[in-house]
Amino acid sequence: MDAAIEVRSLRKSFKNVSVLKDVSFSVPRGTVFALLGSNGAGKTTTINILTTLIRADGGTATVAGHDVAASPDKVRNEISLTGQFAAVDDRLTGRENLLLIGDLRHVRDSAETASELLRRFGLEEAADRGVSTFSGGMRRRLDIAMSLIGAPSVVFLDEPTTGFDPEARNEMWRTIRSLAEGGTTVFLTTQYLEEADELADTIAVLHQGKIVASGTAGELKKLVPGGLIELTFSDKDSRDAASMLLRSGYELTEDEGPTLTIATDGSVAEVAGVFVRLRDARIEPAEFSQKVATLDDVFLKITGSTDREAE
Ligand SMILES: Nc1ncnc2c1ncn2[C@@H]1O[C@H](COP(=O)(O)OP(=O)(O)OP(=O)(O)O)[C@@H](O)[C@H]1O
Ligand SMILES: [Mg+2]
């Protein structure tokens, strides 16, 4: 099966600032792809190119089998975009916003489609109220509902849950999952790594104009060592003593608090070595735990180390 999105060596500069230097990735049909990157990394720029809003300076991109530069109209027929900032019309009600888009896209049963989407996004009760009275989360849900009219095969969501409370976020995650289950390809950007972890089949990290890592969440987590242990001490003296004791031989992270984080290779021998040293010095931690790598650790490691290399 061919890919829903295929990007090869994409380049884009604004004036003399090179935002995308060499970006390549591929998104299989019916899967969820998450593009991660810090503020200003070029996520929205990438989405803008793939949705034909702006043109790349070089490289190629196809969406739903059509080249974005050569056949932008064909691409537009296949996709929807929910931008980073809600595009709902405040002067209309929720239902009217949906009907308007339905008419623009020549949907035959736009009233029925609007009702169905209002139900699916939990906006039935508020449907006939002016959108100016909606909360941020409701506006965002309406915005995404609007983008689904016309059953696009590829959906672009630029930071779909930014500013959501946990409940609204969970609801949006369910919506995104059900889109993918229905065969829709979802391309999303997010600043919440947990969101990428939860939703994405494939994650790509955009940093300094390039994709510096990609894979499943599990594959990315293997990029950081799994052997971090955290020791918490009941008083400052024992914490300081432990820090002195372990500093030679281990990589320590410490702040003002009572906890020391120690990097090991994850082997029993090396972890045991930490505890043997502490026991021999009669220093007893109040608590200890092994830290499981999160995508945050991966992100910091990848983007942090590349920063240093660039200096
Ligand atoms: N039209 C433009 N003209 C000049 N510079 C631009 C333009 N659009 C984007 N940029 C610059 O390109 C860089 C990437 O911007 P972009 O919006 O793609 O980042 P982003 O990853 O989406 O960031 P955020 O997480 O803050 O949304 C930024 O430095 C931005 O200032
Ligand atoms: Mg952005």
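Mentor: Let us start with one residue of this predicted model. Leaving out residues up to four places away in sequence, Thr60 touches Arg8 and Asp67.

Trainee: What makes Arg8 and Asp67 count as touching Thr60?

Mentor: Two residues are in contact if their C-beta atoms, placed from the backbone, lie within 7 Å. Arg8 and Asp67 are listed as touching Thr60, so each pair meets that cut-off.

Trainee: Where does Thr60 lie, and why is Thr60 called partly exposed?

Mentor: Thr60 belongs to strand S4. Thr60 has 15 C-beta neighbours inside 10 Å. A buried residue needs 20 or more and an exposed one has 12 or fewer, so Thr60 falls in between and is partly exposed. As for position, Thr60 and Asp297 stand 237 residues apart in sequence, and their C-alpha atoms are 32 Å apart.

Trainee: Why is Thr52 called buried?

Mentor: Thr52 has 20 other C-beta atoms within 10 Å. The cut-off is 20 or more, and therefore Thr52 counts as buried. Thr52 is placed in the loop between H1 and strand S4 (58–63). Its phi is near 70 degrees, a positive value in a residue other than glycine.

Trainee: What is said of the phi of Ala151, and is Ala151 buried or partly exposed?

Mentor: Ala151 has a positive phi of about 45 degrees, although it is not a glycine. Ala151 has 14 other C-beta atoms within 10 Å; this value lies between the limits of 12 and 20, so Ala151 is partly exposed. The loop that holds Ala151 runs between helix H5 (136–147) and strand S7 (154–158).

Trainee: How do you know that the span of helix H6 is close to the expected one?

Mentor: Helix H6 covers residues 166–181, which is 16 residues. The expected span is 1.5 Å times one less than the number of residues. For H6 this gives 22 Å, and the helix reaches 22 Å from its first C-alpha to its last. Just after H6, Gly183 takes a positive phi of about 100 degrees.

Trainee: What makes a group of residues a nonpolar core, and how many residues has the largest?

Mentor: The members must be buried residues of nonpolar kinds, joined through C-beta atoms within 7 Å. The largest such core has 65 residues, and those with the most contacts inside it are Ala34, Leu36, Leu142, Phe156 and Ala196. Apart from it lies another core, of 10 residues, among them Ala242, Ile262, Val274 and Ile283. Beyond its neighbours within four places in sequence, Leu142 is in contact with residues including Val88, Phe121 and Leu123.

Trainee: Which domains does the chain have?

Mentor: The domain assignment gives domain 1 (3–217) and domain 2 (227–292). Their centres, taken over C-alpha atoms, are 44 Å apart. Of the 311 residues of the chain, 36% count as buried.

Terms used:
Residues numbered from 1 in each chain as written. Chains lettered and ligands numbered in written order. Predicted model: local features only at pLDDT ≥ 70, side-chain atom pairs only at ≥ 80, totals over all residues. Domains from an automatic or database assignment. Helix = DSSP H or I, 4+ residues; strand = E, 2+ residues; numbered from the N terminus.
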